[in-house]
Amino acid sequence: MSDTKKRILSGIQPSGALTLGNYLGALRNWVELSRGDEYEAFFMLADMHTITVRQTPKDFRKNAMDLLALFIACGLDPEKSPIFFQSHVPAHSMLAWVLICNTYMGELSRMTQYKDKAKKHASNLNAGLFTYPSLMAADILLYQADLVPVGNDQNQHLELTRDLANRFNNAYSETFKVPSAYNPKVGARIMSLQDPAQKMSKSDTNENGYILLLDPLDRAANKIKRAVTDSGSEVKRGEGKAGIENLMSIYGACTGKSFDEIETEFEGKGYGDFKKAVAEAVVETLRPIQEKYADLMKNKDYLKQVYKSGAERATRVANKTLAKVYRKVGFIEP
Ligand code: TRP
């Protein structure tokens, strides 16, 4: 039965608080994709990737538990789709080593995320930052995933994953499913509220540029009201209207309305009215998530049971692939 379903795997790093952009661009799609019967999904907290940048253990732990609770609060169903910590499934690092030995230095040095991070973290330019994409390939290939829902910024890593899968399959016989990236279409790219040319990101130095899923509701509403727009007054897409267009994306993603519908709704009304409506839509999107999150954080036993059972289910699938790989490369069976 599960053999006929397409498999999905995706992951997010517990490297800090989640933004509204993460939710509207990624998590919400995961919820959609995993809800029906079409796919069997695995959702991973990529905590091993996170330590490529030095973490304070206490904050790291808090971020990891927060992210787990938020996965569930946003609507992922851990009964249906295993949710697990990457560090709880040893097969990830075990396959990563084999893949690292099949990845060329040249390939890794061409990764734009690596080049960016190398600049940003010049004082801690560790080897993990460099081999990061091979670990990500292991995450995906272990589960024989068909589809990997990721933002465009991860497409290059996905391309490398496909190359590694093919390279291994050619060298050692058919072993890995060659996965495809799944870039969601709409509402996917939420930009900074202060600089609509930049993606909304919690690493923005201006706190008004992003909304966190756990921002107090009045604070979130205020950030919308302070968002940059332009000197015009019409709620419309167009040249020089990136700020308004971003607010339209947010409003559309929160309410399900299309750009055309939004333009009609706000015809003859000003930015003030529009921002009020966007703020309200954002607040009503965040409210149920925050309530669920607060409940979950009171129930650590439940959260623990979720990640334990998630890791067990993930391990069963991952170990099957790993055993094949270890046999094919010629390791003696233990
Ligand atoms: N590199 C991804 C990011 O930073 C996170 C990630 C790690 C991931 N392993 C993955 C995403 C496997 C998809 C599949 O966004």
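Tutor: We'll take the salt bridges, then a lysine, then a pair of helices.

Student: What should I know about the model and the numbering?

Tutor: The model is predicted: local features need pLDDT of at least 70, side-chain atom pairs count only at pLDDT 80 or more, and totals for chains, interfaces and linings use all residues. Residues are numbered from 1 along each chain as its sequence is written, and side-chain values use heavy atoms, with hydrogens and water left out.

Student: How many salt bridges are there?

Tutor: The count is 16. A salt bridge here is a side-chain nitrogen of Lys or Arg within 4 Å of a carboxyl oxygen of Asp or Glu.

Student: Which residue does Arg237 pair with?

Tutor: Asp260, with the closest N and O atoms 2.7 Å apart. The pair links distant parts of the chain: Arg237 is in the loop between α9 and α10, and Asp260 is in helix α11, 23 residues apart. Helices are DSSP runs of H or I, at least four residues, numbered from the N terminus. Glu263 joins Arg237 and Asp260 in a network of salt bridges.

Student: Is Asp260 buried or exposed?

Tutor: Exposed, at a relative accessible area of 51%. The cut-offs are under 20% for buried, over 50% for exposed and partly exposed in between, with a 1.4 Å probe and protein chains only. Arg237 is partly exposed at 33%.

Student: And what does Asp230 bridge to?

Tutor: Lys241, at 3.7 Å between the closest N and O atoms. Both sit in the loop between α9 (217-225) and α10 (242-255), so the pair ties together parts 11 residues apart in sequence. Lys241 is buried at 10%, while Asp230 is partly exposed at 22%.

Student: New topic. Where is Lys117?

Tutor: In helix α6, residues 112-120. Lys117 is buried yet has no salt bridge.

Student: How far is the nearest side chain of opposite charge?

Tutor: That is Asp153, 8.5 Å away. For charge, Lys and Arg count as positive and Asp and Glu as negative; His and the chain ends are not counted.

Student: So what does Lys117 touch?

Tutor: Gln13, Leu129 and Tyr132, not counting residues up to four places away in sequence. Contact means heavy atoms within 4.5 Å.

Student: Now packing. How do α4 and α7 cross?

Tutor: The axes of α4 (residues 91-100) and α7 (residues 127-141) come within 8 Å and cross at roughly 120 degrees. Axes are lines fitted to C-alpha atoms, for helices over the stretch in contact, and angles run from 0 to 180 degrees between N-to-C directions.

Student: Which residues make the contact?

Tutor: Among them are His92 and Leu95 of α4, and Thr131 and Ser134 of α7.

How values were computed: Helices (H or I, at least four residues) and strands (E, at least two) are DSSP runs, numbered from the N terminus.
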